[in-house]
Amino acid sequence: MTPSSPAAAPRRADRPHRWQPTVRAALPYLVCIGGFLLLWQLLSLILGTARLPGPINVIVDTWDPYITQPFFDEGGTSKGLGWQILLSLQRVALGYGLAALVGIGIGGLLGLNRFFGKGLDPVIQVLRTVPPLAWFPISLMVFQDASTSAIFVIFITAIWPIIINTAVGIREIPQDYTNVARVLRLRKGEYIRNVVIPATVPYVFTGLRIAVGLAWLAIVAAEMLKADGGIGYFIWDAYNAGGDGSSSQIILAIVYVGLVGLALDRLVAWAGRRVARGSN
C-alpha cells in the first residue's frame, strides 16, 4: 500500500480557499447587478416589450450591427455607436479642457485675492444655477455653429465646480502654512508652488470630477437639440425614427453613456491620486 504524501493533502485543501477572496469581492456586484437586470426583465414583461424592452430584447435587437460592429460607417451620420461616442468625447475634451484651464486660473485668483473673491461671488452663484441648455440658444446666436455651441455649453457647465473648489481649497489652507511661508519669506511664486498647489490638489480634483460628469451630461443634452452626430444625436434620431428596434437602440446608447461617464470619473480620480502623490 503506497503511503500518501503529507504535502499533497494540504495543497488540495487550500485550493478552494484561493477563490474565496475573488468570489467575496465579486458577490455584491453579481447580486446587485443581477437583481437589477432581473427586475428590469420582469418590468418589461409587465409593461410589454413594445413599451420597455428587457435586457434580452435589447441585446437581440441591437446585436447586429450596433454591438458587433460599433465602428461601422455608412456615410453621413449613419455610424456605429463607437464613432458616435468618440465624436461626443472629442467635444467634451475641448470644452472640459478649456474649462479646467480657465476654471483653475479664476479659482486661484478668487482664492488668493479676497477683493475679487468677494466681489465676483454673487456673479458666480447666479451663473452657476443656470441650466446648461439655457445657454444653447445664446451660443447658437453667437457662434452660428452647432458643434461650437455644444462645446461652449460644456465649457460653461463644467467651469463652475472647478472655480468654486479651487477657491475653497486655497481658503482652507491652514494658517500655520501661511505663517511659515512668511517666516521663510517665500516669494509669491514659491508660495504658490510649494504651499498652495500641494494643499489644494484634492479640492481641485474634486471639482474636476464633478465637472467631468456635468460635461458628459451637457454634451448628450446639447447633441439632442442640434448636432451632426454624437451619442446624443443618435438617441434623438433613434427616437424620431420610431422603428421596431428604436427603443432598444436608445436603451443601448444610454448604457454606453453611463459606462463612458463612469470611465471618465474613474480616469479623473486616478489622475488626482497620481498628482496628489507627486505633489507631496
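Of the 280 residues in this protein, 35% are buried, meaning under 20% relative accessible area with a 1.4 Å probe and protein chains only. This is a predicted model, in which local features need pLDDT of at least 70, side-chain atom pairs count only at pLDDT 80 or more, and totals for chains, interfaces and linings use all residues. Residues are numbered from 1 along each chain as its sequence is written, and side-chain values use heavy atoms, with hydrogens and water left out.

The overall fold, then. There are ten helices and zero strands, taken as DSSP runs: H or I of at least four residues for helices, E of at least two for strands, numbered from the N terminus. The radius of gyration is 26 Å, well over the 19 Å that the globule rule gives for 280 residues, so the protein is more spread out than a compact globule. That radius is taken over C-alpha atoms, and the rule is 2.2 Å times the number of residues to the power 0.38.

Now the second largest pocket. A pocket here is an open set of points on a 1 Å grid over the protein atoms alone, where a 1.4 Å probe fits, with protein on both sides within 12 Å along at least five of seven lines; lining residues have an atom within 4 Å of a point. Its lining is I33, F36, L37, W40, I251, I254, V255 and L259.

Finally, the largest pocket. It has 18 lining residues, with G111, L112, R114, T178 and Y191 nearest its centre. Helix α7 gives the most to that lining, four residues.

Terms used:
Buried means under 20% relative accessible area, exposed over 50%, partly exposed in between (1.4 Å probe, protein chains only).
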